[in-house]
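Please look over the structure below.

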Amino acid sequence: MMEVSWSPMAAQQLALLLDAESLTLEPFASGDELKQAIEETLALDIRSPLQKQRHPNPGGDVSKPFFTGDLWFHQLHLKYCLLP
């Protein structure tokens, strides 16, 4: 599984969304449970085999993403990047 971490801006934006009354948490019991489910999903490296072939992990420089993608999860559209 891949390591998942949030940029400071993403963590702040997620916290604001979880506090918003317009976001329905069901079937999750809490915002923390929803965040954990997002992290567990991203940790699986859900890219297609073709994406993995075209964008393999090169290792090395951890400041440059080797893949950027998006994920629709629950009511959220998440943009993410993979770092070596």
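On a 1 Å grid over the protein atoms alone, a pocket is an open set of points where a 1.4 Å probe fits, with protein on both sides within 12 Å along at least five of seven lines, and lining residues have an atom within 4 Å of a point. The model is predicted, so local features need pLDDT of at least 70 and side-chain atom pairs count only at pLDDT 80 or more, while totals for chains, interfaces and linings use all residues. Residues are numbered from 1 along each chain as its sequence is written, and side-chain values use heavy atoms, with hydrogens and water left out.

The largest pocket has 20 lining residues, and those nearest its centre are Ser5, Trp6, Lys79, Tyr80 and Cys81. Its space is about 700 Å³, where a volume is the space filled by probe spheres set on the grid points, which are joined across faces, edges and corners. At least two lining residues come from each of α1 (8-19), α2 (31-43) and β2 (76-82); helices (H or I, at least four residues) and strands (E, at least two) are DSSP runs numbered from the N terminus. β2 gives the largest share, 7 residues. By class the lining holds 14 nonpolar, 4 polar and 2 charged residues. Here Ala, Val, Leu, Ile, Met, Phe, Trp, Tyr, Cys and Pro count as nonpolar, Asp, Glu, Lys and Arg as charged, and the others, Gly among them, as polar.

The loop between α2 and α3 (49-54) contains Arg47. Is Arg47 buried or exposed? Arg47 counts as buried because its relative accessibility is 8%, the classes being buried under 20% relative accessible area, exposed over 50% and partly exposed in between (1.4 Å probe, protein chains only). Its side chain makes a polar contact of 2.7 Å with that of Asp45. A polar contact is a pair of N or O atoms within 3.5 Å; within protein, one must be able to donate a hydrogen and the other to accept it, and residues adjacent in sequence count only if both atoms are side-chain atoms. A polar atom of the Arg47 side chain also lies 2.8 Å from the backbone oxygen of His55.

Asp45 is in the loop between α2 and α3 as well. Asp45 is not a glycine, yet has a positive phi of about 55°. With 16% relative accessibility, Asp45 counts as buried. Another positive phi in a residue other than glycine, near 60°, belongs to His74, in the loop between β1 (67-73) and β2. Glu26 and Pro27 are joined by a cis peptide bond with omega of about 15°.
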